[in-house]
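Here's a friendly walk through a protein model for anyone meeting it today. Have a look at the fold, then read on for the pairs and packing inside it.

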Amino acid sequence: MWDDGNSLGPKEVHSYLTRVMYNRRNKFNPLWNSLVLGGVKNGQKYLGTIFQVNQCMNVILTLNVLYVNMIGVHYQDNHVATGFGNHLAVPILRDEWKEDLSFEEGVKLLEKCMRVLLYRDRSAVNKLQIAKITEEGVSISPPYSLKTFWEFSTFKNPTAGAAGSW
């Protein structure tokens with residue numbers, strides 16, 4: 001490759017990956033992945049997502065998120081979630097997200113969403129990492145476990161009040 005002094009920013013990389021995924025979809029051989037791409041270039045924050053299937057539990061908070069799925073549906077929003085998060089965490093995000101959210105408040109909101117997802121899928125791993133992307137670089141927290149409570153009576157005997165004989 002030639003070094004012409006140009007560098008691709010996150011928006012350009014996202015656009016390229018969107019075209020790659022769309023091309024594979026049109027060949028009836030899609031890449032069955034969910035991609036989340038974030039970065040900062042020239043002071044502009046960017047977070048892009050490319051979904052071919054919703055297969056993992058991710059919840060992302062930022063400004064101006066671009067969503068593209070495997071059939072070309074796209075929209076712009078302030079947060080994005082994949083997998084179960086697309087169905088269970090997005091309503092929480094729509095209710096509680098605000099534009100002046102601090103980093104600590106954002107982490108608490110993400111933990112709330114992930115806790116809901118964990119209670120829905122008990123076999124999921126109870127660990128997560130938080131990534132923060134700034135112009136100075138990327139910082140990723142070490143993995144940590146969410147505090148959960150599994151002693152609710154409905155968790156112990158979920159069919160106690162159910163009618164029927166399944």
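Starting at the N terminus, the elements of the chain run α-β-β-β-β-α-α-β-β-β-β-α. That makes 4 helices and 8 strands, where helices (H or I, at least four residues) and strands (E, at least two) are DSSP runs numbered from the N terminus.

A quick word on ground rules: this is a predicted model, local features need pLDDT of at least 70, side-chain atom pairs count only at pLDDT 80 or more, and totals for chains, interfaces and linings use all residues. Residues are numbered from 1 along each chain as its sequence is written, and side-chain values use heavy atoms, with hydrogens and water left out.

Of the chain's 166 residues, 29% count as buried. Buried here means under 20% relative accessible area, exposed means over 50%, and partly exposed is in between (1.4 Å probe, protein chains only). Among contacts between residues at least 6 apart in sequence, 42% join residues at least 24 apart; a contact means heavy atoms within 4.5 Å.

**Two helices side by side**

How do H2 and H3 pack? Their axes are 10 Å apart, at an angle of about 145 degrees. Those axes are lines fitted to C-alpha atoms, for helices over the stretch in contact, and the angles run from 0 to 180 degrees between N-to-C directions. On the H2 side, the residues in contact include Phe-84, Leu-88 and Ile-92, while H3 brings in, among them, Leu-109, Cys-113 and Val-116. Sorted by class, this contact has 9 nonpolar, 1 polar and 3 charged residues. Ala, Val, Leu, Ile, Met, Phe, Trp, Tyr, Cys and Pro count as nonpolar, Asp, Glu, Lys and Arg as charged, and the others, Gly among them, as polar.

**Charged pairs and ring pairs**

Side chains of opposite charge can pair when their charged atoms come close. Searching the whole structure turns up 2 salt bridges, each being a side-chain nitrogen of Lys or Arg within 4 Å of a carboxyl oxygen of Asp or Glu. There are also 2 aromatic pairs. For those, rings of Phe, Tyr and Trp (its six-membered ring) pair if their centres lie within 6.5 Å; planes under 30 degrees apart count as stacked, over 60 as edge-to-face and the rest as tilted.

| Pair | Kind | Geometry |
|---|---|---|
| Lys-112 and Glu-96 | salt bridge | closest N and O atoms 2.4 Å apart |
| Glu-105 and Lys-98 | salt bridge | closest N and O atoms 3.8 Å apart |
| Tyr-119 and Trp-150 | aromatic, edge-to-face | 5.0 Å centre to centre, 80 degrees between the planes |
| Phe-149 and Phe-152 | aromatic, edge-to-face | 4.8 Å centre to centre, 85 degrees between the planes |

Take Lys-112 and Glu-96: the former sits in helix H3 (residues 103-120) and the latter in helix H2 (residues 84-96), so their bridge ties together parts 16 residues apart in sequence. Lys-112 is partly exposed at 34% relative accessibility, and Glu-96 is partly exposed at 35%.

Tyr-119 belongs to helix H3 and Trp-150 to the loop between strand S8 (144-145) and helix H4 (153-156), so that pair links parts 31 residues apart in sequence. Tyr-119 is partly exposed at 25%, and Trp-150 is partly exposed at 21%.

**One more spot**

Finally, look at Val-36 in strand S1 (residues 34-41). Val-36 and Thr-82 are 46 residues apart in sequence, and their C-alpha atoms are 9.3 Å apart in space.
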